Amino acid sequence: MYYPMYFDTTYILVLIGVFICMAASAKMNATFNHYSRVRSHSGMTGREAAERILLQSGIRDVRVEHISGNLTDHYDPRSKTLRLSDATYNSNSVAAIGVAAHECGHAIQHETGYVPLVVRGSLVPVANFGGSIAWPLILIGLIMNSNMSALLLNLGILAFSFAVLFQIVTLPVEFNASSRALKILGNSGILYEDEVRDTKKVLTAAALTYVAGAASSILQLMRIILLANRRND
């Protein structure tokens, strides 16, 4: 027998996903805030560290810019621009340098044609389209009581699966960027050994947010599949 979604016990999967994401976000914020108060021995800012890492890596066509917001740091491969947030750009903390180095890791991935990054880039339009149409199809498929409902529901699940796949592919990209960053920071002398260890804690906490996001999406996909199976019974 099928029950309306708001009575559905599979909501527990959603709640687990929300809890995981909240815990990962809290861990990330606490870790970053702590090490953002620890000044690096070099006194370099995030911007200076990024420019030095890019230069040492032989990358001269990537611009380093400031972007407003908190932890909105990212590398844009389309414009070859590395954007550092308020908490990173002018900060000389080990946390800021770590985040800047991580984004440089993405620029290096782009320069060297790192395969998971290429795959993720190819999935962007499919994932964006899938994410935009998935829920309308799923909701209509669950509400309708016709021969088309199963088809719409399955199409919605397929579309949502592409968005989940994108998040899964993102994981090795993020872990590799952090690994590159830590190696560069240690070898270049930008940070001392103990500072690299502190930075690793920041980047590990950041990586956990991506793991949590992927886990939450997988749980959501499981819930949709369970609802679809129940709908077909």
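Which residues point one way from E3 and which the other way, and are they buried or exposed? In this predicted model, Thr-81 and Arg-83 point to one side of strand E3, Leu-82 and Leu-84 point to the other, and all are buried, where buried means under 20% relative accessible area, exposed over 50% and partly exposed in between (1.4 Å probe, protein chains only).

Because the model is predicted, local features need pLDDT of at least 70 and side-chain atom pairs count only at pLDDT 80 or more, while totals for chains, interfaces and linings use all residues. Residues are numbered from 1 along each chain as its sequence is written, and side-chain values use heavy atoms, with hydrogens and water left out.

The protein holds seven helices and three strands, both taken as DSSP runs numbered from the N terminus (helices: H or I, at least four residues; strands: E, at least two). Read from the N terminus, the order of elements is α-α-β-β-β-α-α-α-α-α. The C-alpha trace spans about 65 × 35 × 25 Å along its principal axes, and buried residues account for 45% of the 233 residues. Of the contacts between residues at least 6 apart in sequence, 73% join residues at least 24 apart; contact here means heavy atoms within 4.5 Å.

The three strands form an open sheet in the order E1-E3-E2, with mixed pairing; two strands pair if DSSP finds at least two bridges between them. Strand E1 (63-66) and strand E2 (74-76) are the edge strands, each pairing on one side only. From one strand to the next, the twist averages 25°, with axes fitted as lines to C-alpha atoms (for helices over the stretch in contact) and angles running from 0 to 180 degrees between N-to-C directions. Helix H4 (residues 94-112) packs on the sheet, where H4 touches E2 and E3, and its direction makes about 25° with that of E2.

Both kinds of pairing involve E3. E1 and E3 are parallel and share four bridges, with Arg-63 opposite Thr-81. E2 and E3 (residues 81-84) run antiparallel and are joined by three bridges; here His-74 stands opposite Arg-83, and Tyr-75 has Leu-82 as its bridge partner. The hairpin of E2 and E3 has four residues between the strands, and Lys-80 in this hairpin takes a positive phi near 55°. Leu-71, in the loop between E1 and E2, also has a positive phi near 55° and is partly exposed, with a relative accessible area of 26%. For context, most residues other than glycine have a negative phi.

What does the nonpolar interior look like? A nonpolar core is a set of buried Ala, Val, Leu, Ile, Met, Phe, Trp, Tyr and Cys residues joined through side-chain atoms within 4.5 Å. The largest such core has 34 residues, among which Leu-54 and Leu-185 touch the most other members. Helix H1 (11-35), helix H2 (46-56), E3, H4, H6 and helix H7 (193-232) each supply at least two residues of this core, and H4 gives the largest share, nine residues. Beyond its neighbours within four places in sequence, Leu-54 contacts Ile-59, Val-62, Val-64, Leu-82, Cys-104 and Ala-107. A second, separate core of twelve residues includes Ile-157, Phe-160, Leu-221 and Ile-224.

Trp-135 lies in helix H5 (residues 115-143) and Phe-160 in helix H6 (residues 147-188), so the pair ties together parts that are 25 residues apart in sequence. Trp-135 is partly exposed at 27% relative accessible area, whereas Phe-160 is buried at 11%.
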